[in-house]
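Colleague: I am new to this one. Could you show me the structure, and then we can go through it?

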Amino acid sequence: SKPEIIPGLDFTPEEVEDARCQGKLLSADIELTEACNASCKYCYRYMAEGPQPPGPSELTATQIIRFLRDARAHHGMRRLCILGGEPLLRPARPKYLAVMNACKELGIRHVTFTNGICLDDETARMLRDHKAAVCIKLNAMSAKVHDQLVGTPGAFEKAMRGFDRLFALGYGSDKELQIAFESVITRDNYSEIEAMWVWARKRGVLPYVEKLTVQGRGARHIE
């Protein structure tokens, strides 16, 4: 039998089909900033290695909010995926808060995709207070494998601390506080899939797993 709700999407199959037929927009992705504090081997966004600076042509908060108002009013948009770069970086915080407040005003749910490196206590409380759904990068249950794929020593430990901070605030147990892990499956972490699934199921964490996109660094590190 078909599920009433598509897991992790919060749309019924009927809503998805209706949107497809009527040209509606249920969900959209926004790259809040091009700045990033990691250097993922599989990144499709950047070709250059190492952390990346803000881009010269990033959308402003005003431009993003204008888009949200239009998409909500004319296309029935109901969810926004906030991406980067890394959207939780401090320099992007004013824009991030403005976008979340606009989503609240317009009745748009939002999910933040983060590598978890800068998910400190203050940031965790901010996410909880705005009822932000959060998807944290998790490539493996092995720090060595995760850090290798993220290209950042200590990234695994910081991400796990971020998970723990959110768990302590009710994520994973409160239905209004959705949490997920994001992973790109490669040869390096293929054997980690089962361990990640078991870890996630025990904690109410949804899996969001992608295949490698062969562009950017992902094209360079395809082997």
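Colleague: In what order do the 6 strands of the open sheet lie?

Modeller: This is a predicted model, in which local features need pLDDT of at least 70, side-chain atom pairs count only at pLDDT 80 or more, and totals for chains, interfaces and linings use all residues. Residues are numbered from 1 along each chain as its sequence is written, and side-chain values use heavy atoms, with hydrogens and water left out. Strands are DSSP E runs of at least two residues and helices are H or I runs of at least four, numbered from the N terminus, and two strands pair if DSSP finds at least two bridges between them. The pairing is parallel, and the order is 1-2-3-4-5-6.

Colleague: Which are the edge strands?

Modeller: An edge strand here pairs on one side only. That holds for strand 1 and strand 6 (206-211).

Colleague: Which residue of strand 2 is the bridge partner of Ala28?

Modeller: Strand 1 (residues 27-31) has Ala28 and Ile30 on its covered face. It runs parallel to strand 2 (residues 79-83), joined by 5 bridges. Asp29, on the uncovered face, stands opposite Cys81. The bridge partner of Ala28 is Leu80.

Colleague: Where is Lys131, and what is its relative accessible area?

Modeller: Lys131 is in the loop between helix 4 (121-129) and strand 4 (133-137). Its phi is positive, about 50°, although it is not a glycine.

Colleague: Which peptide bond is cis?

Modeller: Gly85 lies in the loop between strand 2 and helix 3 (93-106). With omega near 5°, the cis bond runs from Gly84 to Gly85.

Terms used:
Buried < 20%, exposed > 50% of the residue type's maximum accessible area, 1.4 Å probe, protein only.
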